[in-house]
Amino acid sequence: MQPASSSGAPFKALTALTLVLAATSAFAQQGYPDRAITMVIPYPPGGTTDIIARTLAHAMETELKQTIVAENRAGAGGNIGMGHLAQAKPDGYTIGVGTIGTQTINQFLYTNMAFNPESDFAPIALVGTTPNVIAVNAQSKIYTVKDLIKAARTKKEKSLSYGTPGIGSSVHLTGAYFEQAAGVEMLHVPFKGVSGSMPALIGGQIDILMDNLPSTLSQIKDGSKVRGIAVTSAERAPSLPDLPTVAESGLPGFDVTAWFALYAPKNTPQDRVDRLIEAARSALASEKLKTTFATSSLEPGTLFGSDLASFETKERNRWQALIKSHGIQAQ
């Protein structure tokens with residue numbers, strides 16, 4: 001009797017191994033997440049980033065079937081929070097919301113960064129975009145962008161002042177971009193968030209307020225203390241349809257929007273990154289989130305993973321040139 005052929009043994013072993021790996025992957029996918037996830041927010045509570053992050057976290061909880069705990073770690077233009085995220089264990093249980101500032105501006109302002117925005121994170125999703133807004137005290141004689149430019153050009157003894165959330169913030173750079181486009185010079189007055197700049201505008205300590213629209217929307221809608229002049233996006237904000245854009249107010253082509261994106265630390269297992277991407281995609285497509293975002297003039301993002309990374313590269317090129325031309329440095 002001839003011995004049984006063993007030619008099929010390697011194939012059977014390979015098949016068995018494939019099945020084991022597939023089962024292991026499926027188990028990992030089903031098992032994650034099996035506990036709460038922490039979402040780092042690198043700015044103070046109440047600001048635009050905080051509003052966006054908490055809205056997203058709530059929407060993603062439905063998809064992930066786990067709690068997402070918001071953790072504010074503010075300071076250094078968002079660098080403290082994102083530095084913490086970069087050093088977090090890459091297991092998918094710590095994620096964070098970066099911004100146009102932390103991911104594409106700060107590296108050209110700060111000499112000592114605790115993280116590299118280009119290589120220390122796994123990009124998950126562009127969460128949303130929003131215009132910045134230019135506003136004045138309701139008693140101001142400035143009603144339009146043309147009025148603002150005229151006032152900036154005629155004020156000789158004391159420059160027209162504008163407040164922002166801080167030196168090197170995307171709003172500060174919006175102001176610098178405006179000065180460049182309009183051919184004017186104004187005095188930049190940095191604050192630690194809108195909680196400082198808004199009272200200064202209402203109290204008459206500054207002439208102009210520039211900020212992300214969601215942070216100032218309620219005051220502008222109320223109109224008793226603050227009056228909107230223009231939004232910085234190419235299109236008008238749906239929440240303020242009567243407020244013109246800077247572009248249509250005399251500076252054609254002016255288009256600046258703030259953006260916010262979700263990240264995990266680098267080396268987070270790809271299957272967990274993919275799980276987070278799908279959860280974010282589902283959350284951003286939900287009608288509930290869209291409705292919530294719309295009330296704050298936020299547009300849900302549509303870029304995920306590598307597409308987000310490509311978008312960031314273009315943004316870095318844009319802001320690096322502006323920062324260099326204006327000699328802006330963090331203090």
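Start with the largest pocket, which holds about 790 Å³ of space. A pocket here is an open set of points on a 1 Å grid over the protein atoms alone, where a 1.4 Å probe fits, with protein on both sides within 12 Å along at least five of seven lines; lining residues have an atom within 4 Å of a point. This is a predicted model: local features need pLDDT of at least 70, side-chain atom pairs count only at pLDDT 80 or more, and totals for chains, interfaces and linings use all residues. Residues are numbered from 1 along each chain as its sequence is written, and side-chain values use heavy atoms, without hydrogens and water.

Select Tyr43, Gly77, Pro165, Gly166 and Gly193: of the 39 lining residues, these lie nearest the centre of the largest pocket. Then colour strand 9, which gives the largest share of that lining, three residues. Strands are DSSP runs of E with at least two residues, and helices are runs of H or I with at least four, numbered from the N terminus.

Next, select Pro131, Ser233, Arg236, Pro238 and Glu299, which lie nearest the centre of the second largest pocket. About 260 Å³ of space lies there. Strand 4 gives the most to its lining, with three residues.

Finally, show helix 2 (residues 48-64) and helix 10 (residues 287-295), which pack at an angle of about 165° with axes 10 Å apart. Helix 2 is therefore roughly antiparallel to helix 10 (the term covers angles over 145 degrees). Axes are lines fitted to C-alpha atoms over the stretch in contact, and angles run from 0 to 180 degrees between N-to-C directions.

Conventions. Angles under 35 degrees count as roughly parallel, over 145 as roughly antiparallel, 65 to 115 as roughly perpendicular and the rest as oblique. Grid points are joined across faces, edges and corners, and a volume is the space filled by probe spheres set on the points.
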